[in-house]
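Here are my notes on this one, jotted down while going through it. Have a look at the structure before reading on.

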Amino acid sequence: MARRIKMLTSLAICAALTVVLLPFTAAGGEGAAPFDYKKALHSSLLYFEAQRSGHLPHNQRVKWRGHSGLADGLQQGVDLVGGYYDAGDNVKFGLPMAFTVTMLSWSAMEFADDIAAAGEWRHVLEAIKWGTDYFVKAHTEPYVLWAEVGDGDTDHYCWQRPEDMTTSRQAYKVDRDNPGSDLVGETAAALAAASMVFRRTKPHYAQVLLHHAEQLFEFGDKYRGKYDSSIGEAYSYYASVSGYGDEMLWAALWLHRATGKASYLDYAVDMAEEFGGTTWAITEFSWDVKYAGLQILATKVLLEGKAKAEHKATLEKYKAKAEHYLCACLNKNGDAGNVNRTAGGMLFVRQWNNMQYVTNAAFLLTVYSRYLTSAGAGQEPPVLQCPDGPAHADQLLTLARSQTDYVLGANPAGVSYLVGYGQRFPRRMHHRGASIVSHRGDGRFIGCMQGYDNWFLRKGANPNVVVGAIVGGPDHLDRFRDRRDNYMQTEACTYNTAPMVGIFAHLHTETRSSPRNIEHKKFLQD
């Protein structure tokens, strides 16, 4: 988790042993069978059930989890039960939760047929709705949004299962006097995107989501400010370093896509320079920095030929910045700056939870390749004009797949960073619920420091496997230490896995229909 400060109170970080680097053949490489992307998709959706807070439903598939946070919001007189824990702790942080739901919804929109063909559509809807139900409850008044439940400092002082937690469940909000346009904008984007997913099957629910999204957008624009300036408890964990301009542009573009209202596109054009949409050339995309994503959304409008004449010049500027990001990932940006890569081929942005940048890049590369291909329907698709030469849509897909395969095990360590997938995956995730015996197996209460003494310090594997979690991943030398105290590498986050839902589904469809995979299946049958 870049920019998120983790505190392990009173614990010394032991000297680490690195995983031995093994000679490897990329599992998706020449002469090898493709990865089981359908299994990866299935696993990724289980992860969101492991991260649920609140009263778990009867069809809960992750059985080692139980009800938790059932009094959230009670002190403040509001119902804040539900939502997701962001990572390996028991705090509900609104900004990364909203980004997670936005990316799940974008995955569902772009790859709906692929997800449905893999038999996972219902589970995608359930994952999205678990978040949107919470956001609707948290938006208690037009200009009030509850932003966080619990605080990182007291939570990190203890190591407890969510079912046992005794730490503060103080809730924090943004309002007129204490604004939070970044948080409000991201939540508006999540609800707008989700409304499109539910439009056909739950039209009334979709309208409810859109109503809240439009109210939140108005709130964020009318009362501007950074949420971490209003809620100091959030600053040390999810500081909004990029400010709120990117979230407000992001929200406007999602609302334009969801409603078709010209006013939202007008906003994205009018505020493009002031909010950095056409001036920031960025080489990362994350829960904090949304510029690459919103620049691609703006470019989609242009590629579809739906832009008004007076918008085209600004949208072309958006397109130039979007392609700066994509060319940087492709290592074709020349002196303008590229995303670093490890010797094993992983895109590398920074050491703390680098895998979030990998999975988000794989997603943006894939969707942009689709936008290019669609724009060239019936003729030669447009190409990216990178400083080091043009790049075609298939090159974007190739890089996206290589990053996906790296996550699944095509890497020097031979480790799957998708937990529960393959033979070698992290067994000591930095995750409170996973590292302590399930309450179903042992219902005895486990206290705050008891968890540290009896479970955190154990050298053995976690008793519970968080299937589908994507951990922070290896360092710039492709090295990975599977230790519970190595939170930079072994903690997983919901926003790591969310973009991969669509990518796994897409690759499952592609490999099923590819000639090479058909031949491989025939060989196995023979």
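The points below cover a helix pair, a single helix and a few loop residues.

1. First, some housekeeping. This is a predicted model, in which local features need pLDDT of at least 70 and side-chain atom pairs count only at pLDDT 80 or more, while totals for chains, interfaces and linings use all residues. Residues are numbered from 1 along each chain as its sequence is written, and side-chain values use heavy atoms, with hydrogens and water left out.

2. The helix pair: the axes of H2 (residues 94-110) and H19 (residues 494-513) come within 7 Å and cross at roughly 10 degrees. That makes H2 roughly parallel to H19 (angles under 35 degrees count as such). Axes here are lines fitted to C-alpha atoms, for helices over the stretch in contact, with angles running from 0 to 180 degrees between N-to-C directions. Helices are DSSP runs of H or I with at least four residues, strands are E runs of at least two, and both are numbered from the N terminus.

3. Who touches whom? H2 brings Pro96, Phe99, Thr100, Met103, Leu104 and Ser107, and H19 answers with Thr494, Tyr495, Ala498, Pro499, Val501 and Gly502 (contact means heavy atoms within 4.5 Å). Sorted by class, the contact of H2 with H19 has eight nonpolar, four polar and no charged residues. Ala, Val, Leu, Ile, Met, Phe, Trp, Tyr, Cys and Pro count as nonpolar, Asp, Glu, Lys and Arg as charged, and the others, Gly among them, as polar.

4. H12 (residues 291-303) has 13 residues and spans 18 Å from first C-alpha to last, close to the 18 Å expected (1.5 Å times one less than the number of residues). H12 is mostly covered, with 13 of its 13 residues buried; buried means under 20% relative accessible area, exposed over 50%, partly exposed in between, using a 1.4 Å probe and protein chains only. Just after H12, Gly305 takes a positive phi of about 75 degrees.

5. Asp288 sits in the loop between H11 (262-270) and H12. Asp288 is buried at 0% relative accessible area, and its side chain reaches the backbone nitrogen of Val241 at 3.3 Å.

6. Lastly, phi. Most residues other than glycine have a negative phi. Asn331, in the loop between H13 (309-329) and strand E4 (340-341), has a positive phi near 65 degrees and is partly exposed at 44%. Asp478, in the loop between H17 (448-456) and H18 (487-490), also has a positive phi near 65 degrees, but Asp478 counts as buried at 2%.

Notes. Angles under 35 degrees count as roughly parallel, over 145 as roughly antiparallel, 65 to 115 as roughly perpendicular and the rest as oblique. A polar contact is a pair of N or O atoms within 3.5 Å; within protein, one must be able to donate a hydrogen and the other to accept it, and residues adjacent in sequence count only if both atoms are side-chain atoms.
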